[in-house]
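Please open the structure in your viewer and keep the selection panel at hand. The tour moves from one selection to the next and says what is there.

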Amino acid sequence: MRANSDATRAFESAVGAPSPEQRYALRLYVTGMTPRSTEAFASIKAICEERLQGRYELTVIDIYQNPQLAIDEQIVAVPTLVKVLPPPLRRLVGDLSNMERVLSGLDLRRKP
Amino acid sequence: MTQIDHQQTSNNPGFAKAPTGIQGLDEITGGGLPRGRPTLVCGGAGCGKTLLAMEFLVRGATQFGEPGVFMSFEESATELTQNVRSLGFDLDDLVQKKMLAIDFVRVERNEIEETGEYDLEGLFVRLNFAIDSIGAKRVVLDTIETLFGGLSNVSILRGELRRLFRWLKDKGVTAVITGESGDGALTRHSLEEYVSDCVIVLDHRVTEQMSTRRLRIVKYRGTSHETNEYPFLIDADGISVLPVTSLGLQHTASTTRISSGIPRLDAMLGGDGYFRGSTVLMSGTAGSGKSSIAAHFVAAACQRGERCLYFAFEESPGQILRNMRSIGIDLEPWMQQGLLHFHASRAAIHGLEMHLATIHKLVRKFQPRVVVMDPVGSLTSVGTSQDANVMLTRLIDFLKMQGITAMLTSLTSGDAALEQTSTNVSMLVDTWLLLRDLELDGERNRVMYVLKSRGMAHSNQLREFLLTDQGVELQNVYLGAEGVLTGSARQTREATEKAARLLRHQEVEAKQRERVLKREAQEARIIALQKEFEAEEEVAKRDIDQEQSREETNRQDRDRMGISRQGDKVLKEAEPSARSHETPRSRK
């Protein structure tokens, strides 16, 4: 069993699975202060505070103010939370109300 | 065509249209796509949707000064640029001139996690940004249905697309939205429900191994439009649609005549040859000399300095040039001068519509006065004879509208009735020359006759013709007991006539000679008589002289005697004669 769990750890580090110290870079793209935007922001803020305290960086970008960024970052649906770091890049589309999916998208699902 | 355009625009005053600049499409839509509204262009994979959309933008930018936004969901800007470069569209240049903006929208399903409610405002923001950055009047969304692949919430997507199309209308841009058709529906996600102003369907069909692209306007709200399917081409100049049924019988008829290139054939056609702008059909069995007569016509046209387009469906240009050189017609100089252009292609490489489209395109480009299609019958091998018939009707109409004189050759197979062409185009043509072989006395000889020629008095004679080193030569007509004499029979007859002529000639000459001799004899006789008379006259003169001199002598003698016999006696005696009467007086 021991050897087995060693192997798991080795594999996890090989595929770059987030270690507890992994820093997160997140960007939330919104369009102004719509209810959906604020909902999404509140949701991700709560998750970050709970799970990633001290090791996350959350940027909120209003694409009304900066449409070029929407093009550069391939934003179609709004709101979109982009997980820039750690890789792989993920786009979490929607108001982040489905907690299961948000956590899965951020690779923060609790290990069984 | 312009007439019809005019009618359509006048029927819809105030209905603005944005011309596409795509060859033929503006004609069948009566001026272009509905301005300020979205148009749906749908069709299967590879039917040319993206290209049509892109050409709409490029022509808009280059020809109508309307900048455009191309929002691509499938290809990146680089890919698009490369793909259309072969059509002569320089997207980079247009982007630099701010006449075009390309935004590649990439939606990757494996990157996306849907976590709740969302909208497509990001798309709106990007589109709005692109439109405002260049002041775009035209927008293309290609293919927006890709979103359904990346995002799973169909009800959100549908609502957002409905909002997008309304937004595009409010924005006042003329939009082209492409959609892939499938499952018997126009588009997979029923985009046609939202885009209801104009729907164009593209199709890429393969029938009997021939692929043909077709375009059809399913719907065009607020305007009358052609509903037929139109074949279209994609080639080095982009798309060209072939508006075929918009042609009618409105062409003007020219009274100018042009030579067939064979003087004696011109003579058969009322002395001056064909009418300009007419259609000449030449039908005949294999090897009856159709191409040679066509070559004469071509050479004559080039000699007049007219452009000539030659569609060869069975021979390569090189082969035609060589063959025609063998009968003394050198077409090569005309080719080099740019007056003659060959377009050689096997009939079987395209479908009929493609042929028609190619012909249209070439005719528009080359602007010929004379078109030769050799042989037109091979087109029937492509489609059914009914299709070929329809196509030829369209073609002939088109050429007539352009005032182009057309010569079509048609092969009659040996067992078919002679006065029937493989394609029943006879009622469409103005002049029909029929070439055939006459078999007589164990030989085949070529003859031709004018079966019909509208609007001119033409010869009804069957004429034999030879292919000589100097080209086609019509022979003299000899009628024998069994009809026209041809070949050896004619030569025999010619020889007989020649002999008879010679004989007659000799007879005349002999008579002539005889006459000369006679005259000479006559003249000789006259001279002889004259001489005789002269001799007689001489003798008479001498006698008279002698007589006179004798008398004188006598008188002198008498005078002398009288003198010697004393005067008076002399007087008395001399009194009776005048002379003797004078003499005494003078002596007094």
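**A sheet in chain B**

Begin by selecting strand β21 (residues 443-453) of chain B together with strand β22 (residues 463-468) of chain B, which pair in the antiparallel sense over two bridges; strands here are DSSP runs of E with at least two residues, helices are runs of H or I with at least four, both numbered from the N terminus, and two strands pair if DSSP finds at least two bridges between them. This is a predicted model, in which local features need pLDDT of at least 70 and side-chain atom pairs count only at pLDDT 80 or more, while totals for chains, interfaces and linings use all residues. Residues are numbered from 1 along each chain as its sequence is written, chains are lettered from A and ligands numbered from 1 in the order in which they are written, and side-chain values use heavy atoms, with hydrogens and water left out.

Next, pick B:Met448, which stands opposite B:Arg463 in β22(B).

Now show the whole open sheet of nine strands, whose order in chain B is β17-β16-β18-β19-β15-β20-β21-β22-β23, with mixed pairing. At its edges stand β17 (340-344) and β23 (471-474) of chain B, each with a single partner strand, so one side of each is left without a neighbour in the sheet.

**On to chain A**

Finally, select chain A, which has four helices and four strands, running α-β-α-β-α-β-β-α from the N terminus on.
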